[in-house]
Amino acid sequence: MRSVGSRFISAVAFYGPKAGRLREFLTGVQALIAEHVGADFRPYTLEQVHATLIALNGVRVDGTIVNEYLLEHAGVRREMDLPRIMDILARRFAVPLRVRIGGFRPEAAIPFTSRGRHLAERTFSVQGEAFVLVGWPADSLAGVGMALDELRREMTAAGALHRYHTRPADVDNDLHLVVGHHAGAPADALARATAAVQDRLAADPADLAIALSDITIVAADSHTLAPPLYVSGIPAPAAEVLALMP
């Protein structure tokens with residue numbers, strides 16, 4: 001359904017300059033990938049690395065801008081309630097959300113799986129041409145709640161369907177961060193990089209926190225969100241966001 005030249009608009013975490021543990025963590029992962037993949041590695045800039053909380057892509061139908069994924073997956077033409085979306089983000093991140101990336105051994109018991117796979121495997125993988133880190137809310141790992149999935153479900157009531165909630169029973173409590181792509185790297189090099197990063201993360205996980213100040217609305221003409229056409233903190237004015245939609 002997505003046409004050439006479509007615009008990508010999302011509420012994301014960690015977009016922009018990085019500092020402290022997050023910066024140290026990302027540079028270490030990228031260096032380890034480069035060690036095994038070499039010149040075929042196309043790293044994201046640190047400013048570009050982000051975790052998408054909810055996509056806010058809109059399409060124009062008969063003069064009205066409706067949520068792309070509701071139209072695509074449910075056939076529903078519904079405008080997004082952007083003020084409500086901003087209120088949901090402000091409320092849910094009034095207290096920072098603690099997340100963990102790594103800390104899982106393949107043989108260890110886990111509180112849940114991700115896409116049917118062990119967390120040790122999902123914490124870092126190559127998905128197509130992308131190198132992808134995945135983390136989860138600390139409370140979920142302790143067996144309490146599914147904060148990211150609950151956030152995304154609440155967004156549906158505001159007219160923004162999460163792209164991985166195509167069926168009522170679908171669950172997505174994952175926090176994805178793409179750190180770069182590869183340009184046709186050999187399979188054995190990708191396998192070595194994957195194993196090396198998974199081993200590093202198992203021994204040295206990253207414990208992070210997402211505060212409201214870490215969340216932005218970003219628009220770009222590429223799914224990589226670079227270069228950005230628009231960046232705003234929360235709340236982003238509804239009129240400004242709507243004006244970005246093709």
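Leucine 119 is buried, with a relative accessible area of 0% (buried means under 20% relative accessible area, exposed over 50%, partly exposed in between, using a 1.4 Å probe and protein chains only). Keep in mind that this is a predicted model, where local features need pLDDT of at least 70, side-chain atom pairs count only at pLDDT 80 or more, and totals for chains, interfaces and linings use all residues. Residues are numbered from 1 along each chain as its sequence is written, and side-chain values use heavy atoms, with hydrogens and water left out.

**Around leucine 119**
- Leucine 119 sits in helix α4 (residues 119–122); helices (H or I, at least four residues) and strands (E, at least two) are DSSP runs, numbered from the N terminus.
- Leaving aside residues up to four places away in sequence, leucine 119 touches Phe104, Ile110, Phe112, Thr113, Ser114, Trp136 and Leu141 (contact means heavy atoms within 4.5 Å).

**Helix α6**
- In α6 (residues 147–157), the buried residues are Leu148, Asp149, Leu151, Arg152 and Met155.
- Looking down the axis of α6, those buried residues fall within an arc of 160°, so they line one face of the helix; the arc is that of the directions from the helix axis to the C-beta atoms.
- Their cover includes β3, α3 (82–92), β6 (97–101), β8 (130–137) and β9 (175–182).

**The open sheet**
- Four strands in the order β3-β1-β11-β12 make up an open sheet with antiparallel pairing (two strands pair if DSSP finds at least two bridges between them).
- β3 (51–55) and β12 (228–232) are at the edges with a single partner strand each, so one side of each has no neighbour in the sheet.
- Alanine 11 has isoleucine 54 in β3 as its bridge partner.
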